[in-house]
Amino acid sequence: MSPETVPNPRRRAFLTGGLALGAAAVLPLWAPGRAHAAGVPAIADTTAWGARPASSPVRVLPTPPQKIIVHHTATANVTDYSQSQAFQLARSMQNWAMDDRQWSDTGQHFTVSRGAYVMEGRHSSLAALQGGTQTVESAHCVGQNTVAIGIENEGTYTTVDPRSEQYATLVELCAHICRQYGLRAYQIYGHRDFNATQCPGDRLYAMLPQLRQAVAARIGGDPTAPVWPLLHNGDAGDRVRALQHLLVRRGATITVDGSFGPGTEKAVRDFQTLMTATSDGYAGNQTWHQLVVPVRQGDSGEAVKAVQVLLTAKGIPTDPDGAFGPGTQASVTTFQNGAGLPADGLADARTFSRLLA
């Protein structure tokens, strides 16, 4: 595991302030929550808040992200809502990431301050967002750093809600990211959906359905997030078979037999440990979120087999050959039509979760 993916559940507790304001004092003012254009939040780039250069070139991936992951910084709920405080936070987070964690740059893509200022995190994140076709590899969520946009929200939201201004800006930022990348509102998650962490705090996590609804009101679509079954030792059937295919895809050496025995339990636990998810041997929310990948026509492999097994179990006979051809696409579309989902032929997390229901 590279330093970019090493888990650090206490990381936000070590963020420190006390940095000189430096360039921030002479930079243009960025109005909190104010849009440059309709629905487009003002985002201060790394030059605006005085970022250090990355210690090595950032990796820009040629594909768009598949989701947004919401975090809190677990820092104090400051009452200084100024631009200078926001920029100081951005510099502190970058210093911690580079000096304490030895990462190449800030971990997340964007930050929303308590004063509702939005800042670019890792270099090139803003340019990638504006282009709408690329993702900057990040370091904010183990197992998701190549496929998810990370948004840090300044503060600790375990027992209190974010400020209304900060939340409103988070809504606008998420809606903008969704528009730029073609994401849907249901593809907004919290850090704890993937790793064993309290992030983004109980209160902010509880607000995610509201956040998805608010984003859906701006971009359209059903904001309902995937719901995953809980499978464990002793279970059997096609859902277990699908789970086993996904585990094999991630390197597990188990027999795909539809029986959740000790071997499958160990494979689940090993995968959970690798992903820094809760390691309990139960295949639940975090495990499915980490295992499931979107598959479409032209794809092949174990994830496709998992979809084909589940389609057949739903009464849509599909050859489990692991090749996502026109036949499998037609089967997925048939299922989506019956389930009231957008019939796009893409077996993403929401379609997958409905197949498992």
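Modeller: Let's begin with a term: a salt bridge here is a side-chain nitrogen of Lys or Arg within 4 Å of a carboxyl oxygen of Asp or Glu. Keep in mind that this is a predicted model.

Colleague: Thanks! How many salt bridges does a search of the whole structure find?

Modeller: The general idea is that side chains of opposite charge can pair when their charged atoms come close. In this structure, the search turns up 12 salt bridges.

Colleague: Which residues are linked with Arg 184 in a network of salt bridges?

Modeller: Arg 184 is linked with Asp 344 and Asp 348 in that network. For the pair Arg 184 and Asp 348, the closest N and O atoms are 4.0 Å apart. This pair connects distant parts of the chain: Arg 184 sits in the loop between H3 and S10, and Asp 348 in the loop between helix H10 (326-339) and helix H11 (349-356), 164 residues apart.

Colleague: Is Asp 348 buried or exposed?

Modeller: Asp 348 counts as buried because its relative accessibility is 6%, and buried means under 20%. Arg 184, with a relative accessible area of 29%, is partly exposed.

Colleague: What does Arg 218 meet in a salt bridge?

Modeller: The partner of Arg 218 is Glu 172, at 3.0 Å from N to O. Here too, distant parts of the chain are linked, with Arg 218 in helix H5 and Glu 172 in helix H3 (residues 164-181), 46 residues apart. Arg 218 is partly exposed at 39% relative accessible area, and Glu 172 also counts as partly exposed, at 22%.

Colleague: And which residue forms a salt bridge with Glu 165?

Modeller: That is Arg 163, with the closest N and O atoms 3.3 Å apart. Glu 165 has a relative accessible area of 38%, so it is partly exposed.

Colleague: Now the sheet, please. In what order do the strands lie?

Modeller: In general, strands of a sheet pair through backbone hydrogen bonds, either parallel or antiparallel. In this model, 6 strands form an open sheet with mixed pairing, in the order S3-S7-S6-S9-S5-S10. Strand S3 (43-44) and strand S10 (188-190) are the edge strands, each pairing on one side only.

Colleague: How many bridges join strand S6 to strand S7?

Modeller: Strand S6 (residues 110-112) and strand S7 (residues 118-120) run antiparallel and are joined by 3 bridges. If you look at Phe 110, you will find it opposite Glu 120 in S7.

Colleague: Which helix lies across strand S5 and S10?

Modeller: Helix H5 (residues 208-219) lies across strand S5 (67-72) and S10, and runs at about 165° to S10.

Conventions. Residues are numbered from 1 along each chain as its sequence is written. This is a predicted model: local features need pLDDT of at least 70, side-chain atom pairs count only at pLDDT 80 or more; totals for chains, interfaces and linings use all residues. Side-chain values use heavy atoms; hydrogens and water are left out. Two strands pair if DSSP finds at least two bridges between them. Helices (H or I, at least four residues) and strands (E, at least two) are DSSP runs, numbered from the N terminus. Contact means heavy atoms within 4.5 Å. Axes are lines fitted to C-alpha atoms, for helices over the stretch in contact, and angles run from 0 to 180 degrees between N-to-C directions. Buried means under 20% relative accessible area, exposed over 50%, partly exposed in between (1.4 Å probe, protein chains only).
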